[in-house]
Every structure is written in structure tokens, then in C-alpha cells.
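Subject: Handover of the two-chain model

Dear colleague,

I am passing on the structure we spoke about, and I would be glad if you could read the notes below with the model open beside them.

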2 protein chains.
Amino acid sequence: MKVLYRGKTKDIHVLEDGSYLLKFKDDVTGENGVFDPGANKVGLSIKGSGKSNIMMTKYFFEILKEKGIPTHYIDANIEEATMTVKPAKLFGNGLEVICRYKAVGSFIRRYGMYAKEGQPLDAFVEFTLKDDERQDPPITEDALHMLGILSTDEYRELKDLTKKIANIIKEELEKKDIELYDIKLEFGRAGENNELVLIDEISGGNMRAYKEGKYVQPLELEKLVLD
Amino acid sequence: MKVLYRGKTKDIHVLEDGSYLLKFKDDVTGENGVFDPGANKVGLSIKGSGKSNIMMTKYFFEILKEKGIPTHYIDANIEEATMTVKPAKLFGNGLEVICRYKAVGSFIRRYGMYAKEGQPLDAFVEFTLKDDERQDPPITEDALHMLGILSTDEYRELKDLTKKIANIIKEELEKKDIELYDIKLEFGRAGENNELVLIDEISGGNMRAYKEGKYVQPLELEKLVLD
């Protein structure tokens with residue numbers, strides 16, 4: 001089993017049949033020992049977080065499958081904290097698509113002159129490049145097109161699919177009285193038809209969720225969701 | 001004559017008839033004594049730069065007028081380094097619209113993973129917010145719309161007008177064998193019809209120009225253009 005890539009929070013192995021095995025680690029992104037889903041570094045290690053992330057990811061990817069949303073998911077092994085997925089081609093060297101329902105984090109750091117912390121946003125979508133060295137810069141439709149990362153049609157498709165997925169997650173969380181503030185998704189193309197699919201994971205690590213106005217830490221969120 | 005606003009490189013006074021008088025100073029933006037058109041601070045003072053900027057601005061605004069481009073310009077007094085303009089309403093607290101022909105500066109700092117320094121860009125337009133505290137963040141069409149800064153039509157109008165103006169400046173510079181790499185423009189609404197107009201200045205301070213592959217300093221640029 002060949003290691004294709006060692007990431008901050010996951011390693012990717014290639015299986016004999018060509019599918020990929022994602023091994024979830026106990027490392028989470030953050031700064032100075034504090035979890036931050038927007039951070040570019042591993043900030044701390046939390047025992048059991050790999051297993052917790054795979055449980056939540058399995059839970060949401062299976063809901064998405066039922067609703068007909070294309071993803072890279074094949075199956076998951078909770079004990080091993082691994083997930084088997086279809087190999088996918090990234091857009092450029094990787095894009096993140098963020099959907100926001102409340103203005104927090106980097107949105108306020110950028111647009112705080114015009115928006116108040118916690119202000120409602122109507123499923124507002126933005127794109128950032130995965131580029132640790134350049135702090136995942138935000139990028140416009142025109143720049144994505146000009147740099148050959150997305151066509152105009154792909155941009156629209158990704159934006160629509162992001163809203164659709166974020167709304168499903170939001171509704172699922174609402175059933176547990178949890179409010180989704182924002183979520184960060186990744187996409188690729190997979191399969192014979194080069195289909196646009198959701199990739200990576202859906203866990204506490206790539207969303208901000210609040211309960212009774214208080215931020216819910218990823219491990220706590222996973223307990224509340226899977227309870 | 002009332003002072004309405006004291007800016008980094010210009011002060012704005014209100015005249016008795018309601019028009020504005022812009023007084024160009026000898027201060028230019030930069031860091032540590034080095035000129036940088038993208039900087040948010042006054043980096044140095046160059047004797048005669050106010051007068052030089054007003055000469056170049058008058059030169060270009062008069063060319064734009066001939067070509068039917070709406071601007072806030074009324075007239076200029078070179079000796080006093082002042083320009084009389086129509087009062088204009090800003091979009092939000094001020095927007096900058098950048099048109100790029102070669103990839104340099106903040107474009108490379110953000111998108112260096114996908115673009116090479118000096119790579120040709122086809123009159124690529126991007127918008128940034130004027131916000132010193134937040135380092136003039138770039139902003140997408142969707143965010144401008146959502147934050148109530150621009151309508152979708154205004155976005156398109158501003159983008160088209162920016163390309164049109166940048167192309168005129170580019171052609172003028174080409175007559176002197178100077179190559180325009182990028183230019184930063186500001187817009188507002190002025191007059192009875194609330195017309196969309198170019199505001200602020202057009203000088204070495206808001207563009208990057210090269211001659212024989214070498215960057216031309218603003219004062220030198222103004223000498224070459226007005227020669």
C-alpha cells in the first residue's frame with residue numbers, strides 16, 4: 001500500500017484496485033494549541049479526533065449519497081479511522097469553497113468595515129486557493145477562469161453544489177438544535193465520466209457550528225451529531 | 001474654504017459653489033522610503049511630486065474628456081498643485097478597481113502558485129476595498145453585491161469602464177514606448193444624473209509602468225509622458 005501524500009490531518013494511500021484509502025490522524029489545524037478550522041498549520045493533537053472525524057464524515061457522506069449528491073466516498077472503517085474513496089483530480093492544486101450563513105472568521109477579518117460579527121449571510125459562497133505559503137488567498141470567478149483553474153460553467157456548478165450540500169448539512173444540524181455558521185468544502189473530478197464530486201471530509205474540522213449562541217468544539221459537535 | 005478630508009497624498013477642500021478642490025501634496029505612498037503604488041502608508045515625501053502628479057492627471061483627464069469618458073475633472077492649477085472637481089459620492093467607503101496587463105505586485109503575492117512574475121494578463125480587472133486597517137482586501141462581485149456596495153449592473157459597468165480607461169492610458173504610454181503593467185482607478189457618482197465617473201487622479205502614483213523592461217519611477221514617468 002503506497003503512501004501518495006502525507007497531509008496535515010490525513011494521509012492518502014493507494015490501494016491495489018486503484019482506489020484511495022484516507023487515514024485520519026489525531027492532528028487538527030490551529031494556532032498555539034487552539035483549534036481553528038481556517039488555520040493552515042497543525043495546532044494540536046487531540047486523542048480520538050481521527051476516529052471522531054471519520055464517524056462524522058461517514059455519517060454525512062451517507063446522507064449525501066441518499067440525497068443523490070455525488071461524492072468520492074466508497075466506505076469507511078471506524079476502528080481503523082480510514083475511508084476508501086474514488087481517486088479524484090483536483091481543480092488546480094486544490095480549491096476550497098466556503099458557504100457562510102453568519103459572518104465570522106476570515107470574512108470579518110476582510111470585510112469588517114461593512115459587516116458585523118455574527119451578521120446573517122444568505123448562503124454566501126466564496127472560493128479560496130489551497131496554498132499554505134500564501135495563506136489560502138480568496139479568488140474571484142474571473143481570476144479562477146483566467147488562471148485556468150475553473151471554467152465559467154465549472155464555477156457556477158461548484159457554487160450551486162456547495163449551496164446544496166451546505167444546506168443539507170445545515171438542516172441535519174438543525175435537527176439537533178445546532179446552527180451552522182460556515183462550512184468549507186473541497187471538490188474534484190472522479191470516475192469514468194469525470195463527474196464533479198465532493199471530496200475530502202465533512203467533520204467538525206471544516207465547519208463552525210453554534211449551540212445556544214455558543215461555539216461548539218469539533219469533538220463535542222461530533223458527539224452531539226452522532227448521539 | 002473648508003477642509004473636507006485630509007488624505008495620504010491629497011487634501012479635499014469644499015469651494016463656495018459646492019465643487020471640490022483637490023490639493024496635491026508632495027507625499028507618496030510606500031514603505032521604508034521606497035515608493036509602492038499598492039502601499040497604504042505615506043512612505044516618503046518627494047519635492048515636486050504634487051505638482052508632477054497634477055500635471056499628469058490634467059494631461060490624462062483631458063484626453064479622457066476628448067474621448068467621451070465621464071470624469072469628475074473640471075480644471076487644474078499646475079502652479080498651486082490643485083484640481084477643481086465635481087463632488088462625487090463613493091461606492092461604500094471607497095473602492096479601487098485594478099486593471100492588470102502583466103502579473104506583478106499583489107497579484108503575484110496572492111496567485112504566485114499559478115502565475116509567473118511578469119506573465120501577460122489580458123486587461124484583468126479586480127476590485128479591492130479602500131480599507132487601510134484591513135490592507136485593502138480584494139472582493140468578489142458576489143460580496144460587493146451582498147454587502148450593498150455595488151449592484152450587479154454597477155459591477156459590470158465599472159469593470160467595462162475600467163478596461164476602457166486603462167486601454168486609453170496604455171495606448172498613450174505606448175506612444176512613448178512605455179508599457180503599462182497595471183493601473184488602479186477609483187469611481188463615484190456625480191452630477192445631476194448621478195452619473196458614474198472616474199474620480200481621484202491618474203499619475204505615476206497609481207500605475208506601474210516599464211520602459212525597456214525596467215520599472216519607471218513616478219516622477220520619471222511623468223517627465224517621459226509630458227515631454
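The notes that follow go from the conventions to the domains and sheets, then to a helix pair, and finally to the relation between the chains.

Please bear in mind that this is a predicted model, in which local features need pLDDT of at least 70 and side-chain atom pairs count only at pLDDT 80 or more, while totals for chains, interfaces and linings use all residues. Residues are numbered from 1 along each chain as its sequence is written, chains are lettered from A and ligands numbered from 1 in the order in which they are written, and side-chain values use heavy atoms, with hydrogens and water left out.

Chain A is divided into domain 1 (2-85) and domain 2 (93-226), the bounds coming from an automatic or database domain assignment. The C-alpha centres of these two domains of chain A lie 17 Å apart, and their contact (heavy atoms within 4.5 Å) takes 28 residues from domain 1 and 32 residues from domain 2.

Turning to the sheets, strands (E, at least two residues) and helices (H or I, at least four) are DSSP runs numbered from the N terminus, and two strands pair if DSSP finds at least two bridges between them. In chain A, five strands form an open sheet in the order 1-2-3-8-7, with antiparallel pairing. Strand 1 (2-6) and strand 7 (73-77) of chain A stand at its edges, each with a single partner strand, so one side of each has no neighbour in the sheet. Neighbouring strands of this sheet are turned by 25° against each other on average, direction ignored. Strand 1 of chain A pairs with strand 2 (residues 10-14) of chain A over four bridges in the antiparallel sense, and Val3(A) stands opposite His13(A) in strand 2. Helix 1 of chain A packs on this sheet, touching strand 3 (20-24), strand 7 and strand 8 (82-85) of chain A, and its direction makes about 145° with that of strand 7.

A further open sheet of chain A has three strands in the order 5-4-6, again with antiparallel pairing. In chain B, strand 4 (residues 27-31) and strand 5 (residues 34-35) pair in the antiparallel sense over two bridges, with Glu31(B) and Val34(B) as bridge partners. These two strands of chain B form a hairpin with two residues between them, and Asn32(B) in the turn has a positive phi of about 50°.

As for the helix pair, the axes of helix 1 (residues 49-66) and helix 4 (residues 152-174) of chain A come within 11 Å and cross at roughly 120°; axes are lines fitted to C-alpha atoms, for helices over the stretch in contact, and angles run from 0 to 180 degrees between N-to-C directions. Among the residues that meet there are Tyr59(A) and Phe60(A) in helix 1 and Ile165(A) and Glu172(A) in helix 4.
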